[in-house]
Amino acid sequence: MNAIVGSAGVILGFAAAGFGAISLVVGLIWQRPALLRQSITYAGLVFAGSLASFVAMERALITRDFSIEYVAQVGSSLTPPLYNFASLWGALEGSILLWALVLAGYILLVAIKFRHRLTDPLVAWAMVTMFLVALFFFGLMVGPANPFTTWSPPVGYDGPGPDPLLQNHPLMVAHPPMLYLGYVGFTVPFAFAIAALITGRVGEGWLVETRRWTLFAWGFLTAGIILGAWWAYEVLGWGGYWGWDPVENSSLLPWLTGTAFLHSVMVQERRGMLRVWNLSLLCATFALTILGTFLTRSGVIESVHAFTTSSIGPALLGFFAVIVIASVGLIGWRGDRLRSPGSIDSPLSREGAFLANNVLFGGFAFVILLGTVFPLVVEAWNGDQLRVGEPFFERMSVPIGLALLTLMAIAPALPWRKTNVETLATRLQWPAWFGGACLLIALALGQRGLGTLAGYGLAGFAAGAAIRQVVLATRRQGWRGFVGRTNGGMIVHLGVILIAFGIIASNAGVESREFRLEIGESGVIEGHTITLVDVYQEDLPRKVRTVAAIQVDGGEIHEPAMNLFRASGRAVPTPSVRTTWTNDIALSIFPVESIDDPIGIRAVYQPLIAWLWAGGALMAIGTVLSAFPGRRRKPTDPTSAPLPERAPEGASS
Amino acid sequence: MSSRRGLLVLSWGLLGVVVAVVLAVGTLGGAEPTPAERVRSLSGQVACPTCAGQSVLYSDAGISVQIRTEIAQRVEDGQSDDQILTALAQAYGREALLTPSASGAASLAWAIPGFAAVVAIAGLAFAFWRWRPTTTEVSDEERSRVEEALREREVDGGA
């Protein structure tokens, strides 16, 4: 029953996407508006299909219908309801199912939003593009990644449940859907970019129309990445939040190009420049989401996230190639129309700063992509196995990060067109002193090292610049000084700066200690006393749970645990973290033979970890504020520099 | 005007001195890394041989614990970072190190970003050079046309 409904849903989505694309193309070529108006119906059918298959899979998981192989693989009668629900996206086929649902949702929303303009070729071609993307993902489920294959389970069969790591923390419920809302959301601006190229309407119209779609996709991706980091921090038990794992990298790549796009799009809207660049960035962002999916879902890269080796690798790689070739081909074909009317007057201008920002983000994305695929390329070339890990990425990202902080400090004070050094020096005076104060405080608090101190100083400088902008805007416009792209963007910047402080401080001040304690004994880490109060074991249906009750600084009791899963023999820690605004102490325990032995405890002390999550929340708030219409120029307003003053008689200009 | 300008120069100059002093104090007087810091940094540079893509620092696999202990032992014995990494590469293979080596094909991982940085900076400089402002002559007729258009807009839009 579940399998039949689910498969029917998949086939409905596949067929509706296919017929939708065909009928739209026919309608576009033979100019039949009636056919174009049907796209909303097809969008509804695609969504209905994906929803039916999603609901069928959830129903199968909840009713433990083990006749579906996927449920047999990730389901178990013992999984708690929340994680059982979330196990839909815990493995390959289900994650494609979620992807299809999110994509279908976006397609339907676009169709509804543009329902009065479905006959507009720009919208119609965008719908075609999205239907084709949907066709690909439903095609995966019809073919190599069918989530509804059935088998005959032996009587009394019970599945192993999702990977233990995936049923350890509620964040697992929120992190993947957020990430997918972000990943898939970039399909919308990508589709409009392709449509703009096909119709030749490469002006600024399509950009303005997809502005909020891009912003929300970016916001979801940001939230997804930060929730992922938080999950890793809370669950993996090594006190780290970012490991430069290929999967983390592949979520960061589209984020970097998407961030670059959000900035450079303003140059195009305002000055009509960078058209080719913006189109390329959007296409690259979408292509990178597919490449990332390929890298992590095909098993070519080993990673803590990688799902089992699957046959969808070639399909994803082929799709990636199609996207790249189509994008490059279309941009080349429309090259003549893409020539920009404007030009940059001076490096010391807002557009100059955005350009530098784009070079940095582009470069950042490039080195991360390089580090991620380099081992693959070398192995394919001469069979050498080598690794590119954290030390490489850190050495690359520190200078780029510092350069980005510098730009964040200067750029908000730069006007469009051009300025002079004196104006800039006046505007930046207080932000710079704010940075200087942060530097002094950091030194006084015992922070050392050039990179660390420069980071604090520049982050403070950038914070000062953002605060100055918000203060000026609220003074001028009241509460409206918080909304709109520019002002909301400054709130996002403040969030980024909080995260920068968190990253700098936690990297500079991390301290980890391993103790072996008997009940009643204490250890000291960075001036904090941890005391083992009690140890006990719980015999649960699937696992043996060893819990250590640990008191931190004579105050609250924390209970990190070690779960030994009987079926797999795997030991999975459940760390416990003492969080304050100034520092975190993450406690985890090592596997134990007997609870009468001394317990191995690892304590990881890191300053300002909470700032990472607060910064993430601030970024999300800033994104929402940016989406509200601020006091903006009309898109038709002229943007030209003031005329040069009329030269006095006789003087040469 | 000129006194404001003087203050501005003074303010930035003072800030420059403060920053220079702080950075000098914070960098030059830097203490040697403690043994614990060295063990942590070295563990982060070695891949756990049995797990997927994690470093020894972040893994509790038996072999990782063993390598961490070995690193701590070697640090205690007074070996330098390079010596320790070389020894580990001999014991567990070159692929055990997470840092690409500076020779052979692996060195491209370092060379390509360097090359990219040069290209990016050159490209940016070229873009700014190409977009040098060109001085345009504005005739009186054009001026009046612009003024008229702006006036009309104000009437239309109510500003």
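**Buried area.** I looked up the area buried between domain 2 and domain 3 of chain A in this predicted model. The value is about 2,700 Å². Carbon and sulfur atoms give 65% of that area. On the domain 2 side, I noted that A:Y241, A:L348 and A:R350 lose the most area to domain 3 of chain A. Together these residues make up 24% of what the domain 2 side buries.

**Bounds and contacts.** I checked where the two domains run in chain A: domain 2 covers 168-401, and domain 3 is made of 402-507 + 616-627. Their C-alpha centres lie 24 Å apart. I then read off the contacts, which involve 35 residues of domain 2 of chain A and 29 residues of domain 3 of chain A.

I found one salt bridge listed between domain 2 and domain 3 of chain A. I also looked up the pair A:R485 and A:E269, which form a salt bridge with their closest N and O atoms 2.8 Å apart.

**Helices on the domain 2 side.** I listed the helices of chain A that each supply at least two residues to the side of domain 2 touching domain 3: α10 (205-235), α11 (246-271), α14 (350-382) and α15 (390-410). Which helix gives the most to this side? I found that α14(A) does, with nine residues.

**Residue classes.** I sorted the residues on the side of domain 2 of chain A that touches domain 3 of chain A, and they divide into 19 nonpolar, seven polar and nine charged.

Methods:
Residues numbered from 1 in each chain as written. Chains lettered and ligands numbered in written order. Predicted model: local features only at pLDDT ≥ 70, side-chain atom pairs only at ≥ 80, totals over all residues. Heavy atoms only, no water. Domains from an automatic or database assignment. Contact = heavy atoms within 4.5 Å. Buried area = accessible area lost by both parts, 1.4 Å probe. Salt bridge = Lys/Arg side-chain N within 4 Å of Asp/Glu carboxyl O. Helix = DSSP H or I, 4+ residues; strand = E, 2+ residues; numbered from the N terminus. Nonpolar A, V, L, I, M, F, W, Y, C, P; charged D, E, K, R; others polar.
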